[in-house]
Amino acid sequence: MKVAVLGAGAIGAYVGAALHRAGADVHLIARGPHLAAMRQHGVRVLSPRGDFTARAHATDDPAEVGPVDFVFLGLKANSYAACGPLIEPLLHDGTAVVAAQNGIPWWYFHRHGGPHDGHRVESVDPGGAVSAVIAPSRAIGCVVYAATELAGPGVVRHLEGTRFSIGEPDRTVSARCTEFGAAMLAGGLKCPVEPDLRNDIWLKLLGNISFNPISALARATMRQMCLHGGTRRVIEIMMTETLAVAEALGCRVGVSIERRLAGAERVGDHRTSTLQDLERGKPLELDVLLAAVVELAEITDVPVPTLRTVHAISDLLALRTAA
């Protein structure tokens, strides 16, 4: 099995190292000092489950890799539309793209069934720009429940979690999902093939849609947001509105809001990825987390006044950050 990891950052390099350990032919695509370190020393993984080093091929030139069976996409979702020159050399007719992204994916309504089948979510696929680069038929959805960070160039620190749930847009348990899941399992990761991954998407989104924008607006950690009565109440309302949209689309999350908040509080003084991006002057990945759900609320006629308010304020912050 030949795999390219496009965007071999903390999550991508961790997955690539695990797949390499399982015997897959892995190619890590990255740039800068991180790439230089991986070329020289491989990927060093520091984990409570045991440290290891994987010496997979690393490059900044996808043409050097050529067509692969699977592309594991470790890029931020707001980079997908512009990744055409990077991903095209990796594709053959049967290449699957495992998209490890937060929020609502561009393929969400592909083979969804029902009244919204085939609908394009403009917030995440503006003008069809992402679908033109990555055809929805290639997509395997992936919801990441692992936490990693780059401890330095070429060094991935695994903090917690090993689950990468995957699934087909059409809800089948396909041969390609089974093959990829088995390779991940052989590399020491959990990779269940879910009959309907959209339930997992909404479960993770329940936290991302609320904690991520509020953390950026308030410059606050998970624990601080949970312990402050005002922000905790806003987050509860945002989660309630989000669940209403999910249910209008036929999804069931199966976790109470109080349990979700309790879990977030246990995380402690962790800074969300959106807050970290803000502090580093990077673009904020809020369209797939917040704007998309506001858009889905419109097509399902679900009132989401608090989501709309937070979206308006955080969107201005995102625009100012990008300027």
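**Close-up views of a predicted model**

**View 1. Cysteines of the predicted model.** The count of disulfides, a disulfide being a pair of cysteine sulfur atoms within 2.5 Å, comes to 0. Cys142 takes part in no disulfide, and the nearest cysteine sulfur, that of Cys191, lies 6.4 Å away. Cys142 is buried, with a relative accessible area of 3%, where buried means under 20% relative accessible area, computed with a 1.4 Å probe on protein chains only. Cys226 likewise counts as buried, at 3% relative accessibility. This is a predicted model, in which local features need pLDDT of at least 70 and side-chain atom pairs count only at pLDDT 80 or more, whereas totals for chains, interfaces and linings use all residues. Residues are numbered from 1 along each chain as its sequence is written, and side-chain values use heavy atoms, with hydrogens and water left out.

**View 2. The open sheet of 7 strands.** Strands (DSSP runs of E, at least two residues, numbered from the N terminus) pair if DSSP finds at least two bridges between them. The order is E5-E2-E1-E6-E7-E8-E11, with mixed pairing; strand E5 (57-59) and strand E11 (164-167) are the edge strands, each pairing on one side only. Strand E7 (residues 96-100) and strand E8 (residues 139-144) pair in the parallel sense over 4 bridges, and Cys142 in E8 is the bridge partner of Ala100.

**View 3. The open sheet of 4 strands.** Its order is E4-E3-E10-E9, with mixed pairing, and its edge strands are strand E4 (52-54) and strand E9 (147-152). Strand E3 (residues 43-46) runs antiparallel to E4, joined by 3 bridges; Thr53 in E4 is the bridge partner of Arg44.

Conventions: Buried means under 20% relative accessible area, exposed over 50%, partly exposed in between (1.4 Å probe, protein chains only).
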